[in-house]
Amino acid sequence: MRVIVFGASGMVGHGALRACLLDEAVTEVLAVVRSPLPLEHPRLRQIIHTDFTGYTAVQDQLKGLDACFFCLGVSAVGRGEEEYTRVTYDYTLAAARALHAANPSLTFVYVSGEGTDSTGKSRQMWARVKGRTENDLLAMPMHAYMFRPGYIQPVSGATSRTPVYRALYRATASLYPLLRRAFPRHVTTTDTVGYAMLAVTRLKGAGPAVLHNPDINRLAAVRPGKAPKPPYS
């Protein structure tokens, strides 16, 4: 299986990339990044790309793919709706359209979030924008899954690029086992999200298209086989 990952330099993208490199069934991982990742691996190939609204310049590299894990995103804090929409909606749909055109049977996994509103009635700008993004992805003729995780604890070296979130995660790291026991339906980890992405590709479009935290944790728990020794820490 060949997988393409967007947002591999981010916290959730780190989990997706790590899961792919741990799974020997993934023969190649393409990471679309603005600048090179400080990582080398025999099954990793990086595509340096800066215009996330168009893919004409790299379209020949987007063929023969089985799945896309779209983890690219930004916080809505301090951003207006136009800027947030450009990154959250425009970037996502541009990638989905380019990848679907080159790979009609591709499975597209989009990381949304708990609280996303598909009706467009939410008072929260980010919830409406993500809901619109989900709706338009699901309207496309492809296997698409919307992940709506709740609280995601970064593990295995994953780090948030947002300073305030980074401080929050550091402060709550030791509390995660307690949070997991107290709120099992609302918490997960970056590794778990990554494993669930791989698991959902095996569904080939079956099952619910919108997956919440319990679904994500359950999918990750039933991944086949035991993960091999990590190729990197």
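Tutor: Two rings of Phe, Tyr or Trp count as a pair if their centres lie within 6.5 Å. In this predicted model, such pairs link Phe-6, Tyr-55, Phe-70, Phe-108 and Tyr-110 into a cluster.

Student: How many aromatic pairs does the structure hold?

Tutor: There are 5 aromatic pairs. In one of them, Phe-6 and Tyr-55, the ring centres are 6.0 Å apart and the planes stand at 85°.

Student: Why is the pair of Phe-6 and Tyr-55 called edge-to-face?

Tutor: Planes over 60 degrees apart count as edge-to-face. The planes of Phe-6 and Tyr-55 are at 85°, so the pair is edge-to-face.

Student: What makes this a link between distant parts of the chain?

Tutor: Phe-6 is in strand β1 (residues 2–6), while Tyr-55 is in the loop between β3 (44–48) and β4 (67–70); the two are 49 residues apart.

Student: How do you know whether Phe-6 is buried or exposed?

Tutor: Buried means under 20% relative accessible area. Phe-6 has 1% relative accessibility, so Phe-6 counts as buried. Tyr-55 has 6%, and therefore counts as buried.

Student: Why is the pair of Phe-70 and Phe-108 called stacked?

Tutor: Stacked requires planes under 30 degrees apart. The ring planes of Phe-70 and Phe-108 are at 25°, with centres 5.9 Å apart, so the pair is stacked. Phe-70 lies in strand β4 and Phe-108 in strand β5, so the pair ties together parts that are 38 residues apart in sequence. Phe-70 has a relative accessible area of 0% and is buried; Phe-108, with a value of 0%, is buried.

Student: Why is Tyr-165 called partly exposed?

Tutor: Partly exposed is the range between the buried limit of 20% and the exposed limit of 50%. Tyr-165 has 32% relative accessibility, so Tyr-165 counts as partly exposed. Its place is in helix α4 (residues 163–172).

Student: Which residues form a nonpolar patch with Tyr-165 on the surface?

Tutor: Val-77, Val-164 and Leu-168 form the patch with Tyr-165, and together the four have about 380 Å² of accessible area.

Student: What makes Ser-112 buried?

Tutor: Its relative accessible area is 6%, and the limit for buried is under 20%. Ser-112 lies in the loop between β5 (107–111) and α3 (125–138). Leaving aside residues up to four places away in sequence, Ser-112 touches Lys-130, Glu-134, Phe-147, Arg-148 and Pro-149.

Student: How do you know that the side chains of Ser-112 and Thr-116 make a polar contact?

Tutor: The cut-off between N or O atoms is 3.5 Å. The contact joining the side chains of Ser-112 and Thr-116 is 2.7 Å.

Definitions and conventions
Residues numbered from 1 in each chain as written. Predicted model: local features only at pLDDT ≥ 70, side-chain atom pairs only at ≥ 80, totals over all residues. Heavy atoms only, no water. Patch = residues over 30% accessible without salt bridge, like charges linked within 9 Å, V, L, I, M, F, W, Y side chains within 5 Å. Areas by Shrake-Rupley, 256 points an atom, 1.4 Å probe, with all protein chains shown as cover. Salt bridge = Lys/Arg side-chain N within 4 Å of Asp/Glu carboxyl O. Helix = DSSP H or I, 4+ residues; strand = E, 2+ residues; numbered from the N terminus. Buried < 20%, exposed > 50% of the residue type's maximum accessible area, 1.4 Å probe, protein only. Polar contact = N/O pair within 3.5 Å; in protein donor to acceptor, adjacent residues only side chain to side chain. Contact = heavy atoms within 4.5 Å.
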